[in-house]
Amino acid sequence: MLSAPSASAEVVSLDILPGLSFGQTTLYGVGCTYVAVARTEQLIEPRVDIAPLDAESAMPIEDFVWQFDGYFSTPVVLGHKATLWTPTTPGQHSLMAYQTSAGGPVATVNVNPATPAGPLCFVAP
C-alpha cells in the first residue's frame, strides 16, 4: 500500500527573547525592541510568519520591507525564523507564529512603560 507523503511540519514553538531588559515585574517595555524566534520541526521550511495579534506593536523589518514587497518574509534558517518586535503600548501583547491559516503557537507577554537606552531597556515596575 502506498502512503501519502507527510505534510510539512508546523511551527512547534515561539519565544520572545527579553535581551538586555531589566525590570522588577516584567522584562518587556514599551519602545524596546525584542527578537521573536519561531522553531519548526524541519530544518528547512518554505515559509513561516510571525505576526502580532494586536495593533499596538511594530515589526521594524517587515514594516520597512512591506512598503516595497507585500509578500516578504524573513527565511527559516536551520529550523528557526527570527524577526524583531517592538510593543508600542503597555499591557498584554501576543504574537503568533504560523505556516498556514490554521495558526500556530502564541507567545504572550506583559509590557510596562520603559526607557530604551540603545540595546538596554529599563522597564518600570
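Rings of Phe, Tyr and Trp (its six-membered ring) pair if their centres lie within 6.5 Å; planes under 30 degrees apart are stacked, over 60 edge-to-face, and the rest tilted. You're working with a predicted model, where local features need pLDDT of at least 70, side-chain atom pairs count only at pLDDT 80 or more, and totals for chains, interfaces and linings use all residues. Residues are numbered from 1 along each chain as its sequence is written, and side-chain values use heavy atoms, with hydrogens and water left out.

**Exercise 1.** Find how many aromatic pairs the structure holds, then classify the one formed by F22 and F122.

*Solution.* Start with the count: there are four aromatic pairs. Next, take F22 and F122: their centres are 6.1 Å apart and their planes 25 degrees, which makes the pair stacked. Last, look for a cluster: ring pairs link Y28, Y34 and W85.

**Exercise 2.** Decide whether T86 is buried or exposed, and find its side-chain partner in a polar contact.

*Solution.* First, locate T86: strand β6, residues 80–87. Then check accessibility: T86 has 9% relative accessibility, so it counts as buried (under 20% relative accessible area; exposed is over 50%, partly exposed in between; 1.4 Å probe, protein chains only). Finally, the T86 side chain meets that of T33 in a polar contact of 2.7 Å (a pair of N or O atoms within 3.5 Å; within protein, one must be able to donate a hydrogen and the other to accept it, and residues adjacent in sequence count only if both atoms are side-chain atoms).

Notes:
Helix = DSSP H or I, 4+ residues; strand = E, 2+ residues; numbered from the N terminus.
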